[in-house]
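Reader: I want to learn how to read a model like this one. Can we go feature by feature?

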Protein chains: 2
Amino acid sequence: MEVFTDEYFMAKAIELAMQAYEEEEIPIGALVVYENRIIGKGYNQTEKLQDVTAHAEMLAITAASNSVNGKYLSDCTMYITIEPCVMCAGAIQWSRLGKIVWGASEPKFGFSRLDAQLLGKTALVSGVMAEQCSDLMKRFFASRRK
Amino acid sequence: MEVFTDEYFMAKAIELAMQAYEEEEIPIGALVVYENRIIGKGYNQTEKLQDVTAHAEMLAITAASNSVNGKYLSDCTMYITIEPCVMCAGAIQWSRLGKIVWGASEPKFGFSRLDAQLLGKTALVSGVMAEQCSDLMKRFFASRRK
C-alpha cells in the first residue's frame, strides 16, 4: 500500500491553508516534495506581510530553493490547495518544477484561464481533495462578508 | 523644465541593472516611484539567492510595500529596464500598480507575448532608453558565452 499518495501531501497542504485561515489570510497552502520528503512549505501571508508577492506558492518555492541550495526544482512536485495564479505559475515555470498537483480550480484568478500552455513543461494534476480545499475558501469569504 | 522625467527614473533603474551586472546577475533593475520619490528598489538576484522569485520587480514591489506599509501601489509607477516576465506581470497586477514604464522589450519571456491584456488596468509605457537597457543585457550574455 502506497503511503505517500497525492492525498497524503494534499492533506498537509490543507493544514497549511488552515494555518492561513486562523491568521485571517485567504486560506491557501503549498508545499514542495522531493523523494517523498517535504523540502519547502508556505501559506498565504499577503495580509500579515502587506505584500502581494507573499502567496503560498512563492514562499514554498523560496523555502524549497533554500533547502536544496539551488534554484531549479525539476525533480520536485508542488502540492497547492488552489490552482495557482499567473504570478505563481510564472514562478513555477522559472523553477522548472516537474509536477504540480492542486486541489480546487480557480476560474477567476487561476493561470489556466489565461493560458494553460504557460506550464507546458510541467505535469499538471488537478482536483485532488478539491472539495476540502474549496470549502475552506468558501468558509473564509463567507465569514468576511458578515 | 521637468526634472523627474521617465528618463530620469529609468537612468536610476539602469544603475540598479549595472549593480546586478557587476554581481554576475542577469542585469535587470526596477524601482517604484510615488510622487517623484523612489520608495522601493530591486535588481535581479536569482543567482546570489538561488531563488527564481528574486527578480528585480518582485524585490522592488516588496520593498515599496514595506515603505508604504501597504500592499497596494495604485498611485505608484514602476520603472523596469526590461519588459517584465509573466511572474512579475502577475505581481504587478496584484499590487495594482498604476503605471509601469519599461526600457527594452523581451520577445521571449516578456508577459505581452502571452497576453498583453494581463495588465489591462495598468498604464503601460515602453521603449524608454531601450538601447541602453538592451545593450547591458547583450553585453552580459556575450561575456557569459566566452
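This is a predicted model: local features need pLDDT of at least 70, side-chain atom pairs count only at pLDDT 80 or more; totals for chains, interfaces and linings use all residues.

Reader: Is Glu106(A) buried or exposed, and how far away is the nearest side chain of opposite charge?

Author: A salt bridge needs a side-chain nitrogen of Lys or Arg within 4 Å of a carboxyl oxygen of Asp or Glu. Glu106(A) is buried but has no salt bridge. Arg113(A), the nearest side chain of opposite charge, is 7.3 Å away. Setting aside neighbours within four places in sequence, Glu106(A) touches Ile82(A) and Glu83(A).

Reader: What about a strand residue? Which residues does Tyr43(A) contact?

Author: Tyr43(A) belongs to strand β2 (residues 37-43) of chain A. Buried means under 20% relative accessible area. Tyr43(A) has 11%, so Tyr43(A) is buried. Beyond neighbours within four places in sequence, its contacts include Leu16(A), Ala20(A), Ile28(A), Ala54(A) and Leu59(A).

Reader: Now helix pairs. At what angle do α3 and α4 of chain A pack?

Author: Read the angle, the axis distance and the handedness. Helix α3 (residues 56-68) and helix α4 (residues 86-95) of chain A pack at about 20°, with axes 9 Å apart. That angle makes α3(A) roughly parallel to α4(A), because angles under 35 degrees count as such. The crossing of α3(A) and α4(A) is left-handed. On the α3(A) side, Glu57(A), Met58(A) and Ile61(A) take part. They meet residues of α4(A) including Cys88(A), Ile92(A) and Ser95(A).

Reader: How many residues of α4(A) are buried, and what covers them?

Author: Count the buried residues, then find the cover. In α4(A), eight of its 10 residues are buried. Among them are Val86(A), Ala89(A) and Gly90(A). The cover includes α3, β3 (77-82), β4 and α5 of chain A, together with α3 (56-68) and α4 (86-95) of chain B. After α4(A) comes Arg96(A), with a positive phi near 60°.

Reader: How do α4(A) and α4(B) pack?

Author: Use the angle again, this time across chains. α4(A) and α4(B) pack at about 160°, with axes 7 Å apart. The two helices are therefore roughly antiparallel to each other. α4(A) passes α4(B) in a left-handed crossing. Val86(A), Met87(A), Gly90(A), Ala91(A) and Trp94(A) make the contact with Val86(B), Met87(B), Gly90(B), Ala91(B) and Trp94(B).

Key
Residues are numbered from 1 along each chain as its sequence is written. Chains are lettered from A and ligands numbered from 1 in the order in which they are written. Side-chain values use heavy atoms; hydrogens and water are left out. Buried means under 20% relative accessible area, exposed over 50%, partly exposed in between (1.4 Å probe, protein chains only). Lys and Arg count as positive and Asp and Glu as negative; His and the chain ends are not counted. Contact means heavy atoms within 4.5 Å. Axes are lines fitted to C-alpha atoms, for helices over the stretch in contact, and angles run from 0 to 180 degrees between N-to-C directions. Helices (H or I, at least four residues) and strands (E, at least two) are DSSP runs, numbered from the N terminus. Angles under 35 degrees count as roughly parallel, over 145 as roughly antiparallel, 65 to 115 as roughly perpendicular and the rest as oblique. A crossing is left-handed if the near helix is turned anticlockwise from the far one by less than a right angle, and right-handed if clockwise.
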